[in-house]
Amino acid sequence: MTADEVVAALRTAVPDLAVELRPRKAGVRAPLEVPELWATIGRDQLLPAVSALKGAGPLHISIISGRDLGETIELLYHFAVGYGTPGGEVVVTLRVPVPASDPTVPSICGILPGAETTEREKIEFLGVRFTGIPRSDHVFLPDGFPGHPWRKGDPETAKLVKRTVEWEKRDG
Amino acid sequence: MAEAQKVYEIPIGPIHPALKEPIRFTFQVEGERIRGVDVRPGFAHRGIEFMGLKRNLIQVLYLSERICGICSISHPIAITLAVERAAGIEVPPRAQYLRVIFSELERIHSHLLWAGVAAHELGFDTLLHLTWKVREEVLDVLEELSGNRIDYSIPIYGGVRRDIAPEQYPKVEAMIRHYRGLLEELLDAFLRDPSVAARTRGVGVLTAEEADSLCAVGPTARASGLAKDVRQDRPYLVYGELGVRAITPRDWGLEPRGDVYDKAVVRLLEIGQSLDLIEKCLHEMPDGEITAFPKIPALLAFLKKAEGEGLGWHEAPRGEVIHYIRLEAGVEEPVAWKVKAPTYSNLMSWVPMFRDQEVADIPIIAASIDPCMCCMDRVHVVQDGSPSTLLKEELLRLSRAKTERVLQGLSRVGGGA
């Protein structure tokens with residue numbers, strides 16, 4: 001799998017997509033170049049883009065990371081395309097900004113069932129909604145925990161932190 | 001349908017049979033057969049990523065080391081690679097080799113730990129004692145090189161904190177010779193033993209298709225025949241030059257079936273692979289600096305000015321570890337930090353692995369993904385709404401009784417092994 005093949009596949013799904021290639025050097029005697037691709041796409045383009053990646057080669061999702069930027073929530077889908085051949089995997093990160101007022105994204109579980117755990121984690125931590133996800137209950141936080149810890153200024157998380165600090169002071 | 005089997009729910013955990021971390025399984029059981037399972041982690045969630053966003057990068061490094069005791073080199077390697085990528089730091093060649101040596105030492109002790117646990121789950125305690133006795137050797141070498149049996153504090157942004165001194169080389173080489181001599185014995189005890197095969201063949205199967213669609217990683221995926229290894233697929237450090245190849249049961253001359261036996265094959269063969277890698281690194285490692293920033297205050301000042309984002313990945317003993325980090329100039333703390341450990345990816349693999357298996361196989365199937373069983377406390381059986389409690393010993397007794405039955409069957413058929 002080469003970076004060009006993955007870019008071509010992505011562009012069949014999202015024409016004229018701007019893709020940034022950030023190759024990284026690995027090794028010291030005869031360094032190899034490991035391709036890493038980064039692209040920003042809209043949430044409506046997510047499903048076609050992931051389908052295109054799946055069509056390009058064996059697809060693995062490492063994780064979805066994300067952060068609260070205030071008015072926007074940024075989700076980063078970290079994929080690896082084409083495992084199985086030495087040096088043959090291309091790391092692809094799709095950046096999907098969603099408005100904090102309506103943080104809804106289509107679930108990619110229909111294409112890649114292995115994404116369920118990480119999507120469910122984003123529901124509890126960032127308050128993102130995934131349409132079409134098979135299950136949406138909590139994975140890591142207690143059932144019924146009302147807050148979203150990675151949201152800026154989340155009052156429930158603030159309460160939890162305050163309580164922990166008070167306990168620590170008492171122990172000290 | 002006079003005797004239609006009822007489906008009962010058996011919750012196991014969160015303090016439970018086979019993993020270090022607490023996790024709750026709720027099994028739907030029909031007679032002796034498992035019909036479904038619901039997996040609920042989160043009982044050891046400590047908010048480490050959240051804590052990391054309130055600390056400077058050096059503190060975050062040591063925090064990452066405490067995510068997992070057994071993988072205490074894997075997380076620091078992934079985070080240092082991510083930060084070095086984000087901040088544009090070059091790692092000196094010798095430090096890259098040293099990181100590989102420590103990673104492979106960790107793989108050896110982790111796989112031996114798992115092999116011992118697996119033997120114990122099946123009721124072969126002699127094998128447990130042999131494996132764990134043998135494991136001490138690599139822990140002694142790690143203690144000699146780093147000062148600790150786990151939590152080595154070796155990687156630092158820009159390199160490593162300790163070198164391997166010339167007088168320590170013979171100790172590492174002696175360890176390699178020791179394990180090479182023992183490996184054949186371990187392979188005999190595990191892989192050529194008919195009773196181990198009888199208890200692990202066809203148990204906890206994960207097909208290649210399931211492993212692929214569920215994005216399984218590490219030995220769990222390789223046992224199903226997926227040649228998926230981060231060291232091979234997207235090289236980092238000096239792994240590309242060392243010629244690492246993903247080990248599958250094919251390397252043992254078998255077509256992969258994805259059962260517990262195949263997972264043992266992959267892990268045991270990887271011990272030999274790690275020995276080769278350590279030996280190669282010792283020979284090829286050039287002299288020179290071990291870090292780009294010998295002074296921590298200078299490193300901290302550099303990182304405070306850094307701006308950017310980066311990914312760092314590593315093949316931990318149990319599979320892919322990946323860290324994402326984002327740095328902003330003028331801020332000591334990372335503005336985003338996401339950690340993914342291998343079990344996170346393998347979580348969903350349990351569902352097909354447990355399907356249609358026997359209750360007595362729960363401990364070995366749970367353990368086939370990850371090793372520790374010290375924390376299993378009790379099993380709660382709910383029958384007709386009236387709960388009763390099964391102790392850990394009872395579940396182990398079931399597993400061992402099955403081994404006894406299987407062994408008796410074997411001796412009747414083949415006249416003993």
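This is a predicted model: local features need pLDDT of at least 70, side-chain atom pairs count only at pLDDT 80 or more; totals for chains, interfaces and linings use all residues.
User: What makes up chain A in terms of helices and strands?

Analyst: Chain A holds four helices and nine strands, where helices (H or I, at least four residues) and strands (E, at least two) are DSSP runs numbered from the N terminus. Along the sequence they follow the pattern α-β-β-β-β-α-β-β-β-β-α-β-α.

User: Why are S1 and S5 of chain A called edge strands?

Analyst: Two strands pair if DSSP finds at least two bridges between them. The open sheet of five strands in chain A has the order S1-S4-S7-S6-S5, with mixed pairing, and strand S1 (19–21) and strand S5 (59–68) each pair on one side only.

User: How do you know that S4 and S7 of chain A pair?

Analyst: Five bridges join strand S4 (residues 36–40) to strand S7 (residues 90–99) of chain A, which is set against a requirement of at least two bridges, and these strands run parallel. Within S7(A), Thr93(A) is the residue opposite Trp38(A).

User: How is helix H1 of chain A placed on the sheet?

Analyst: Helix H1 (residues 3–13) of chain A lies across S1, S4, strand S6 (72–81) and S7, at about 20 degrees to S4(A); axes are lines fitted to C-alpha atoms, for helices over the stretch in contact, and angles run from 0 to 180 degrees between N-to-C directions.

User: What makes up the side of chain A that touches chain B?

Analyst: With contact meaning that C-beta atoms, placed from the backbone, lie within 7 Å, 35 residues of chain A are in contact with 33 residues of chain B. S5(A) gives the most to this side of chain A, with six residues. The residues of this side divide into 19 nonpolar, 11 polar and five charged, where Ala, Val, Leu, Ile, Met, Phe, Trp, Tyr, Cys and Pro count as nonpolar, Asp, Glu, Lys and Arg as charged, and the others, Gly among them, as polar.

User: Which residues of helix H2 of chain B are called buried?

Analyst: A residue is buried if 20 or more other C-beta atoms lie within 10 Å of its own, exposed if 12 or fewer, and partly exposed in between, with C-beta atoms placed from the backbone. In helix H2 (residues 57–65) of chain B, the buried residues are Leu57(B), Val60(B), Leu61(B), Leu63(B), Ser64(B) and Glu65(B), and they pack against elements including helix H3 (74–87) and strand S8 (336–340) of chain B.

User: Why are H4 and H16 of chain B called roughly antiparallel?

Analyst: Helix H4 (residues 93–122) and helix H16 (residues 362–369) of chain B pack at an angle of about 170 degrees, with their axes 9 Å apart. Angles under 35 degrees count as roughly parallel, over 145 as roughly antiparallel, 65 to 115 as roughly perpendicular and the rest as oblique, and therefore H4(B) is roughly antiparallel to H16(B). The contact is made by Val117(B), Ala118(B), Glu121(B) and Leu122(B) of H4(B) together with Pro363(B), Ile364(B) and Ala367(B) of H16(B); by class, it has six nonpolar, no polar and one charged residues.

Note on methods:
Residues are numbered from 1 along each chain as its sequence is written. Chains are lettered from A and ligands numbered from 1 in the order in which they are written. Two residues are in contact if their C-beta atoms, placed from the backbone, lie within 7 Å.
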